[in-house]
Amino acid sequence: MEATKKMTSREKTALWMESYKMEDAGKKEDALAFRMKMIPLEPWLAKIAKKRLGADFLRDGWNLTEVEAEFGPDWLDR
């Protein structure tokens, strides 16, 4: 398994700013898709989302690289 480099706060902020530019241009759906794909979900937030919304919600396109690095690749199935 390849180790995943955790994205820095600066890198995440740059991606958030890019998504805000999309929203400002009227592309709200594109901005959401961009965030889901490009910005890794925080492990603590993924844990709450799994409990409240279910594993299938998280399988629906969210970037889980940092979550899987912390909890393991099979964490959604546990």
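These questions and answers concern a predicted model.

Q: How do you know that the length of helix H1 agrees with its number of residues?
A: H1 covers residues 9-24, which is 16 residues.

Q: What makes one side of H1 the buried side?
A: The buried residues of H1 are Lys12, Leu15, Ser19 and Met22. They cover an arc of only 70 degrees around the axis, so they lie on the same side of H1. An α-helix has 3.6 residues a turn, so residues three or four places apart point the same way.

Q: What do the buried residues of H1 pack against, and which exposed residues sit on the face turned away?
A: The buried residues pack against helix H2 (28-38) and helix H5 (65-71). The face turned away carries Ser9, Arg10, Lys21 and Asp24.

Q: Why is methionine 17 called partly exposed?
A: Methionine 17 is in helix H1. Its relative accessibility is 45%. Together with Trp16 and Tyr20, Met17 makes a nonpolar surface patch of about 300 Å².

Q: Why is asparagine 63 called buried?
A: The relative accessible area of asparagine 63 is 13%. Buried means under 20%, so asparagine 63 qualifies. Asparagine 63 lies in the loop between helix H4 (55-59) and H5.

Q: What does asparagine 63 touch, not counting residues up to four places away in sequence?
A: Asparagine 63 touches Met36, Lys37, Met38, Ile39, Pro40 and Leu41.

Methods
Residues numbered from 1 in each chain as written. Predicted model: local features only at pLDDT ≥ 70, side-chain atom pairs only at ≥ 80, totals over all residues. Heavy atoms only, no water. Helix = DSSP H or I, 4+ residues; strand = E, 2+ residues; numbered from the N terminus. Expected span 1.5 Å × (residues − 1). Buried < 20%, exposed > 50% of the residue type's maximum accessible area, 1.4 Å probe, protein only. Arc of directions from axis to C-beta. Contact = heavy atoms within 4.5 Å. Patch = residues over 30% accessible without salt bridge, like charges linked within 9 Å, V, L, I, M, F, W, Y side chains within 5 Å. Areas by Shrake-Rupley, 256 points an atom, 1.4 Å probe, with all protein chains shown as cover. Salt bridge = Lys/Arg side-chain N within 4 Å of Asp/Glu carboxyl O.
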